[in-house]
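Please look through the sequence and the structure below. A short briefing follows, grouped by topic.

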Amino acid sequence: MLEYKTIRCTKIGVDCCPNDPVDRRCGGPDYLGFDFFVEKEKKEEMKEYIQETLNTLQVPLANIYEAGEYDLRPESVWNHKRILAAIEKEAEYLIGEAERHYPPRMY
């Protein structure tokens with residue numbers, strides 16, 4: 001059996017803006033945003049970095065939260081560079097969706 005090194009990670013959920021109600025009814029997420037798996041020991045540093053990056057790029061932030069711990073291979077762990085690239089790639093889209101002012105889901 002092959003053994004491989006794993007890293008204990010925390011999943012950081014980032015809700016940027018409410019999703020389109022039609023997409024939600026079809027099974028889409030309530031919020032558009034990101035899920036980042038970061039090293040557990042760096043979770044606070046990374047949450048701060050994510051918030052600063054969103055602010056700099058003027059991407060809205062509705063909520064940031066921890067959503068569990070996982071043992072992942074090193075190539076699945078997010079670092080500063082990878083997080084920045086993901087946010088930059090989606091920034092324009094998320095800003096545009098936020099401007100639509102969809103109501104948040106009411107439970």
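A polar contact is a pair of N or O atoms within 3.5 Å; within protein, one atom must be able to donate a hydrogen and the other to accept it, and residues adjacent in sequence count only if both atoms are side-chain atoms. Helices (H or I, at least four residues) and strands (E, at least two) are DSSP runs, numbered from the N terminus. The model is predicted: local features need pLDDT of at least 70, side-chain atom pairs count only at pLDDT 80 or more, and totals for chains, interfaces and linings use all residues. Residues are numbered from 1 along each chain as its sequence is written, and side-chain values use heavy atoms, with hydrogens and water left out.

**The chain as a whole**
- The protein chain has three helices and three strands, which run β-α-β-α-β-α from the N terminus on.
- Its C-alpha atoms fill a box of roughly 50 × 30 × 20 Å, taken along the principal axes.
- Of the 107 residues in the protein chain, 36% are buried (buried means under 20% relative accessible area, exposed over 50%, partly exposed in between, with a 1.4 Å probe and protein chains only).
- Contact means heavy atoms within 4.5 Å; among contacts between residues at least 6 apart in sequence, 77% join residues at least 24 apart.

**Helix 3 and its cap**
- Helix 3 covers residues 80-98 and bends by about 50 degrees at alanine 91 (the bend is the angle between axes fitted to the seven residues ending there and the seven starting there).
- The buried residues in helix 3 are Ile83, Ala86, Ile87, Ala91, Leu94 and Glu97.
- Strand 1, strand 2 (31-39) and helix 2 (43-56) are among the elements that cover these buried residues.
- Asparagine 79 is in the loop between strand 3 (63-72) and helix 3.
- The N-terminal end of helix 3 is capped by asparagine 79, with a side-chain oxygen 3.2 Å from the backbone nitrogen of lysine 81.
- Asparagine 79 counts as partly exposed because its relative accessible area is 41%.
- Isoleucine 12 is 67 residues from asparagine 79 along the chain, and their C-alpha atoms are separated by 12 Å.

**Asparagine 19**
- Asparagine 19 is in the loop between strand 1 (7-18) and helix 1 (21-25).
- Asparagine 19 counts as buried because its relative accessibility is 3%.
- The side chains of asparagine 19 and aspartate 23 are joined by a polar contact of 2.6 Å.
- Leaving aside neighbours within four places in sequence, asparagine 19 is in contact with residues including Gly28, Pro29, Asp30 and Tyr102.
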